[in-house]
Amino acid sequence: MYQQMIFVNLATDDVEASKKFFTELGYTINPQFSGDDCACVVISDTIITMLLSKQRYADFTKKEIADSTKTSEVLICLSAESREKVDELVNKAVAAGGTANDDVQDQGYMYGRSFDDLDGHSWEVVWMDPAAVQG
């Protein structure tokens, strides 16, 4: 069966620093699709983040590239298998140089936190009780 994938393309000021940041979160870099101006971060079998230098990113758009430290261009949300895994990933992001956002979302059946990466891109991490999801 076909599994649709998502490729999240993000502009970065420093490809090497961003590679280090995401590997410290536990993700891997696919060298086949990485180079001096880009890094292919494997988040899961179906989720890939392409970290592109701003010059390389500009090859794909005619629009102005957002300064993600000042404006919100996207909210990326990843699921986690438990509340503890939510906290673990956000804590790793902070230890690697990211910034935790103080808004903890706890509705009992759903728990989430968020962080900004080195370039200011916002990442949410959410756990949802499987019983609540199934309904």
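Biologist: Leaving aside its neighbours within four places in sequence, which residues is T12 in contact with?

Modeller: S18, L51, L52, S53, K54 and D119 are in contact with T12, once neighbours within four places in sequence are set aside. Contact here means heavy atoms within 4.5 Å. Before we go on: this is a predicted model, where local features need pLDDT of at least 70 and side-chain atom pairs count only at pLDDT 80 or more, while totals for chains, interfaces and linings use all residues. Residues are numbered from 1 along each chain as its sequence is written, and side-chain values use heavy atoms, with hydrogens and water left out.

Biologist: Why does T12 count as buried?

Modeller: Buried means under 20% relative accessible area, exposed over 50%, and partly exposed in between (1.4 Å probe, protein chains only). T12 has 1% relative accessibility, so it counts as buried. T12 sits in strand β1; strands (E, at least two residues) and helices (H or I, at least four) are DSSP runs, numbered from the N terminus.

Biologist: What makes a polar contact with the side chain of T12?

Modeller: The side chain of D119 does, at 2.5 Å. The rule asks for a pair of N or O atoms within 3.5 Å; within protein, one must be able to donate a hydrogen and the other to accept it, and residues adjacent in sequence count only if both atoms are side-chain atoms.

Biologist: And T61, why is that one called partly exposed?

Modeller: Because its relative accessibility is 28%, which falls between the two limits, 20% and 50%. You'll find T61 in the loop between α2 (54–57) and β5. Its side chain reaches the backbone nitrogen of K63 at 3.0 Å.

Biologist: On to the rings. How many aromatic pairs does the count come to?

Modeller: Four aromatic pairs. Rings of Phe, Tyr and Trp (its six-membered ring) pair if their centres lie within 6.5 Å; planes under 30 degrees apart count as stacked, over 60 as edge-to-face and the rest as tilted. One of them is F21 with F115: centres 6.3 Å apart, planes at 55°, so the pair is tilted.

Biologist: What parts does the pair of F21 and F115 tie together?

Modeller: F21 lies in helix α1 (residues 15–24) and F115 in strand β7 (residues 110–116), so the pair links parts that are 94 residues apart in sequence. F21 is buried at 1%, and F115 counts as buried at 2%.

Biologist: Why is the pair of F115 and W123 stacked?

Modeller: Their planes are at 5°, with the ring centres 6.4 Å apart, so the pair is stacked. F21, F22, F115 and W123 form one aromatic cluster.

Biologist: Which residues have the most contacts inside the largest nonpolar core?

Modeller: F21, F22, L25, Y27, F115, W123 and V125, in a core of 24 residues. Such a core is a set of buried Ala, Val, Leu, Ile, Met, Phe, Trp, Tyr and Cys residues joined through side-chain atoms within 4.5 Å. Its largest share, four residues, comes from α3. A second, separate core of five residues includes C38, C40, I48 and M50.

Biologist: What does L25 touch, not counting residues up to four places away in sequence?

Modeller: L89, K92, A93 and F115.
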